[in-house]
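This briefing is meant to be read alongside the sequence and the coordinates. Please keep both to hand while going through the points below.

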Amino acid sequence: MGEGNPANAGATNIDTGVTTVIDPATYEDQFSNVVDITDDPYNADPTGEEAINDALTMAWEDDTLIVFPQGQYKMNRGFRRTGWRDVGLIGQNAVIRHGEVEAIHGHTVDEGEYRGGTMLFRIGTMNRPHQGEFVFGGFIFDWARENAGMRGLYAMINGRAEIRNIAFNGVHDLGSHGNMRIATTSRDAFALVDSVDMSGGGMHYHDTINTRQTERYDGTVNEQGFGQSWSTTGIVGHTDMSGTTLFQNVICGPWPDNGLYVQGGGRQIVRNCIASNSGTANIRFNQTDEWEPIPEIDETDDGELTRDGPYGQSTVEDCVTVVDRVPSGVHESGRSIWHYSGEGMIRDCEITIAQESEAGGAGGNFAIGTRSGVTESTIENCRISLLEPTDAFYSGTSAPVTLRDVDIVAEGWDPGSVPANVMGGHMPALENVTLNGSS
């Protein structure tokens, strides 16, 4: 996967395969009805010749698990459902692809077999979210063909969601919405996103057939006449979300905008993920107070719910991030992990920066950074490898920031032996921080 994206070539040497099968027996007790979408009366075509939109409309009911046997399933328009309750869509290596696209502007296909907006499964809205249980996965989204790539899943959840075992095969090259947008809509809601491979990444719209136009932050475009590819992001949250979202075992390749842009509202947890070479940041997160402790994460041995456990704040842990390529688009620099606002923890991560940027400071490459909206940030037990001149840490806030038990290694250049030499912006508190073995 990802061979067609020059920013992804050789970025990592990690096996990124995930299973794309879900056993219906795992979830069938959660639903009153279990249906096979290829059976009568739905008769969805598993050969990919006929579109399945009508079959989806017929099969979708409250309290229903919809099963996709192994096969290929074509969609010629988006499928939208708002305000329903307790529904699952699961497959066993079920390939989802959209019909041919001949012309696209922004997020609307104007010509081709597929027509309309570029969201394949749109479940709920922020004002009318999906209620209760939502299960989704066991799918392979086929982006390996030319001019392929849409938002596979948009899900606004008020309840419990489990989204897992999904592969986006190939490079997203339509310059439209990125692969997924997942958000919870109430303080005690919870969404788990587990085992997702989108290592192919996505292309900037300027490198696709998309005729959209956007501007950069300052309202300008670059010398080639194009601006930033807003919303072409791997996974994104929602500015108005609340509750808890957990992203784990996600492999994220290069995107012209952010990779794992889970920032929004509530609490976000990103763990055991791999992310490389996205334009703004590989992982970007924040926190607001709009979340409540939940049993899945915050229950103590005594059965109590607490805010004081290991995930008492938004957290990025056990992740591997790499910046060693320039992504498709306008960015010449990238941040690996960016804590944007509120309280947060970054721990047990491995970060490599192997791409030098002409820009410096807040606009340059750095391994970990904080923004002005951060209220408190802790970075602990991380290893940072700087293979080109760049900052290990950049702070844009005067709020409390602590680096604890952090090893920084600079190879191929000489920043000196003082850790402060690879820090930019406001100086954080340093506790057992080393640069090439010296503190």
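Predicted model: local features only at pLDDT ≥ 70, side-chain atom pairs only at ≥ 80, totals over all residues.

**A buried strand and its neighbours**

- Strand β26 (residues 391–395) is largely enclosed by the rest of the structure, because 5 of its 5 residues are buried.
- Strand β24 (residues 366–380) runs parallel to β26 and is joined to it by 4 bridges, and among the contacts between these strands T370 has S395 of β26 as its bridge partner.

**Aromatic pairs**

- The count of aromatic pairs comes to 14, and one of them is the edge-to-face pair of F68 and Y73, with 5.2 Å centre to centre and 85° between the planes; both F68 and Y73 are buried.
- F79 and F121 form another edge-to-face pair, at 6.4 Å centre to centre with 70° between the planes, and this pair links distant parts of the chain, since F79 lies in strand β5 (residues 79–81) and F121 in strand β10 (residues 119–123), 42 residues apart.
- F79 counts as buried because its relative accessible area of 3% is under 20%, and F121 is likewise buried, with a value of 0%.
- Ring pairs link W60, F68, Y73, F79, F121, F134, F136, F139, F141, W143 and F168 into a cluster.

**Charges over rings**

- The charged end of R122 sits over the ring of Y154, 4.9 Å from the ring centre.
- R284 lies over the face of Y340, at 4.0 Å from the centre of that ring.

Key:
Residues numbered from 1 in each chain as written. Heavy atoms only, no water. Buried < 20%, exposed > 50% of the residue type's maximum accessible area, 1.4 Å probe, protein only. Helix = DSSP H or I, 4+ residues; strand = E, 2+ residues; numbered from the N terminus. Pairing = 2+ DSSP bridges. Phe/Tyr/Trp six-rings, centres within 6.5 Å; stacked < 30°, edge-to-face > 60°. Lys NZ or Arg CZ within 6 Å of the ring centre and 35° of its normal.
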